[in-house]
Amino acid sequence: MVPNCAYGIDLGTSNIKIYSLSDDSVMMEKNMIAIENKKNIFAYGNSAYEMYEKAPANIQISHPLSNGVIADINNMERLIHLFISDMSKGNIRPADFYIAVPTDITEVEKRAFYDLIKDANVKARKIMVVEKAIADGLGVKNSQGVLVVDIGYDTTEVSILSLGGIVLSRLIKTGGLKFDEAVRQTVRREFNLLIGQKTAATIRQSIGDLEKEGKGAVVYGRDIVVGLPVEREIPTDLINSCLEEHFNTIIDSVKVI
């Protein structure tokens, strides 16, 4: 008997997560694509991310999503097809697709997510568009309000759920990318050191482990005074204060809601 074939897709600006019902597996990859000479796929997913900030001029690396919505439909379709092909080991079979989308976007933008799956050549039998806040709060059935804050790469979705439905939802145009930029600016201001976005993201993501180990973040960058590559150790308390300051932006937005 052929097992039920269905996929659940959480499409984020930075990462894409796909769940396969047939083998109960989850794939999470960077939502990035590397295009060579403006037409050929050179790499995608984590492989494209490894090339980010290192690729030559003839290879363009990009996120097909921006601010929670599809910015490059053609490359996003190609990515979906490639990821589903990888999960099915090249044998794409008819399947149902459930894709999570932000609540606070227009109907046209929501339709784009539906069309994305329909046109990605993945043999979709049925396509269901599910609001992310509902997916995040799955199982919330009581009448007491529940606050769900989903911090993404470009956006943060703040929602209030009750009785299995969305009472209120707001999409705030700030996320992990702004935190990474804050880290970059802080390191530049305090150490005259220019670091890349990938380095800033690594610092942000590893700050908890570094604190437990009592270590600073060792980074490599370019000294903007002498123009030479150097190594520096960045104190974790400096990074924490920087991240806390920018996290308050999200808290203030929640208060407005």
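**Exercise 1. The lining of the largest pocket**

Task: In this predicted model, find which elements each supply at least two residues of the lining of the largest pocket, and which element gives the most.

Solution. 
Step 1. Go through the strands: β1 (6-11), β2, β3 and β11 (146-151) each supply at least two lining residues.
Step 2. Go through the helices: α5 (176-191) and α6 (197-213) likewise each supply at least two.
Step 3. Look for the main contributor. Helix α6 gives the most, with 4 residues.
Step 4. The largest pocket holds about 550 Å³. It is lined by 30 residues, and G12, S14, I151, G152 and Y153 are the closest to its centre.
Step 5. Sort the lining by type: 10 residues are nonpolar, 11 polar and 9 charged.

**Exercise 2. The second largest pocket**

Task: Describe the volume of the second largest pocket and the make-up of its lining.

Solution. 
Step 1. The volume of the second largest pocket is about 300 Å³.
Step 2. Its lining has 17 residues, with I9, D10, A100, A135 and D136 closest to the centre.
Step 3. Two or more lining residues come from each of β1, β2, β9 (95-101) and α4 (132-136). Helix α4 has the largest share, 4 residues.
Step 4. By type, the lining of the second largest pocket divides into 11 nonpolar, 1 polar and 5 charged residues.

**Exercise 3. A hairpin**

Task: State how strands β2 and β3 pair and what lies between them.

Solution. 
Step 1. Strand β2 covers residues 15-20 and strand β3 residues 25-30; they pair in the antiparallel sense over 6 bridges.
Step 2. As one example of facing residues, I18 stands opposite M27 in β3.
Step 3. The two strands form a hairpin with 4 residues between them. In the turn, D24 has a positive phi of about 55 degrees.

**Exercise 4. An open sheet**

Solution. 
Step 1. Write down the strand order of the open sheet: β5-β4-β6, with antiparallel pairing.
Step 2. Check one pairing. Strand β4 (residues 33-36) and β6 run antiparallel and are joined by 4 bridges; A34 has I61 in β6 as its bridge partner.

Note on methods. Residues numbered from 1 in each chain as written. Predicted model: local features only at pLDDT ≥ 70, side-chain atom pairs only at ≥ 80, totals over all residues. Heavy atoms only, no water. Pairing = 2+ DSSP bridges. 1 Å grid on protein atoms, 1.4 Å probe; cavity = no way out; pocket = protein on both sides within 12 Å on 5 of 7 lines; lining within 4 Å. Points joined across faces, edges and corners; volume = space filled by probe spheres on them. Nonpolar A, V, L, I, M, F, W, Y, C, P; charged D, E, K, R; others polar.
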